[in-house]
Amino acid sequence: MKKSIYINASGRLSRKDNTIFFESETLGKKFIPVNNVEEIFLFGEVDFNTKAINFLAQNNITVHVFNYYGYYSGSFYPREHLPSGFLLVKQVEKYKDDGERLKIAKEIINGASHNILKNIKYYANRKEGLDEFVERIENERRNLKDIKAINELMGVEGRIRNIYYSAFETIIDGKFVFKNRTMNPPDNPMNALISFGNSMMYSIVLTEIYNTQLNPTVSYLHEPGERRFSLSLDISEIFKPIIIDRIIFSLINQKMIREEHFDQDLELCYLNEKGRVIFQREFEEKLGTIIKHPKLNRSVSYRRLIRLECYKIIKHLLDEEEYESLKMWW
């Protein structure tokens, strides 16, 4: 199985014969065999030339770039290698049809909120004080069937997520203070973890979309924009509770992430390099976790589940099979 490469140092990325070569004062020299790489994450000040970019593109490798604070800046997205004009037309048609768009967007929130509930119920069996959050989210989920517009749906989604965030302090036994979700910029360790994790999730989903015939700029829940891959935002909603939030809870409850793994700059809080490396290691391990798929009757990785979600959306766009978002069964 191909893997992600995380570069947490400054240096130079170049092509050496038929491989990618990274040279750094702190890490020394490192060869990256492209046949085993799905994508590269850059967290340092890395220089690379067109020779390296062309070689990465030829091998269909995406590169995700993060700034000094570890937050997502953008992606090098190679020329699509599986283009389908027919599917693109179908994708746009579903977006332009208000009823069809709403149907897909509802199912995305249906899956995301189900997975959120699974998380809270999991911890409710181990900690007191979480049952009220389960009840409140279930009440919000009942409203999904009656929603008539995307803005109403986003309102319900926002309320569900706020209720969910309110449960975090109980889930992590108050190890970090977390009262409100703030993003621009994150102002405390919990917000820093969520923002960093969500950026990682967005990036991985983008890579998986790239390996299908879907166009990442045409979305259904989030409004398509000129400067973002909004379909990645859509699909990420389903997987953030399954992957990112579970990692955060585990890292904190097992005391793998502590205050010392964060730096603060004025009102900005962010993971330092040691903290990022810990998160990256757990993230890669989670993506590689294998579970038995009841419908396919075979074992698949968490990462493969993301690709399968893309395929389910494609089948829906082609009117082959009604889209049903991933809902945790384990």
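How many helices and strands are there in the protein chain? There are 10 helices and 12 strands, where helices (H or I, at least four residues) and strands (E, at least two) are DSSP runs numbered from the N terminus.

Hello everyone, two quick notes before we go on. This is a predicted model, where local features need pLDDT of at least 70 and side-chain atom pairs count only at pLDDT 80 or more, while totals for chains, interfaces and linings use all residues. Residues are numbered from 1 along each chain as its sequence is written, and side-chain values use heavy atoms, with hydrogens and water left out.

Let's look at the overall form. A compact globule of 330 residues would have a radius of gyration near 20 Å, and the protein chain agrees, with 20 Å. That radius is taken over C-alpha atoms, and the globule rule is 2.2 Å times the number of residues to the power 0.38. The C-alpha trace spans about 60 × 50 × 40 Å along its principal axes.

Next, the contacts (heavy atoms within 4.5 Å). Of those with a separation of 6 or more, 65% are between residues 24 or more positions apart. As for burial, 54% of the 330 residues count as buried. Buried means under 20% relative accessible area, exposed over 50%, and partly exposed in between, with a 1.4 Å probe and protein chains only.

Please find E322, which forms a salt bridge with K103, their closest N and O atoms being 3.4 Å apart. This pair links distant parts of the chain: K103 sits in helix α3 (residues 98-124) and E322 in the segment after α10 (302-317), 219 residues apart. E322 is exposed at 51% relative accessibility, whereas K103 is partly exposed at 37%. Both belong to a network of salt bridges that also links K94, E100 and D319.

Where is our next pair, K127 and D173? K127 is in the loop between α3 and α4 (131-141) and D173 in the loop between α6 (168-171) and α7 (189-210), so the pair ties together parts 46 residues apart in sequence. Their closest N and O atoms are 2.9 Å apart. K127 is buried at 18%, and D173 is partly exposed at 48%.

Finally, R159 forms a salt bridge with E140 at 3.1 Å between the closest N and O atoms. R159 belongs to helix α5 (residues 150-166) and E140 to helix α4, 19 residues apart. Here R159 is partly exposed at 40%, and E140 is buried at 13%.

Notes
Salt bridge = Lys/Arg side-chain N within 4 Å of Asp/Glu carboxyl O.
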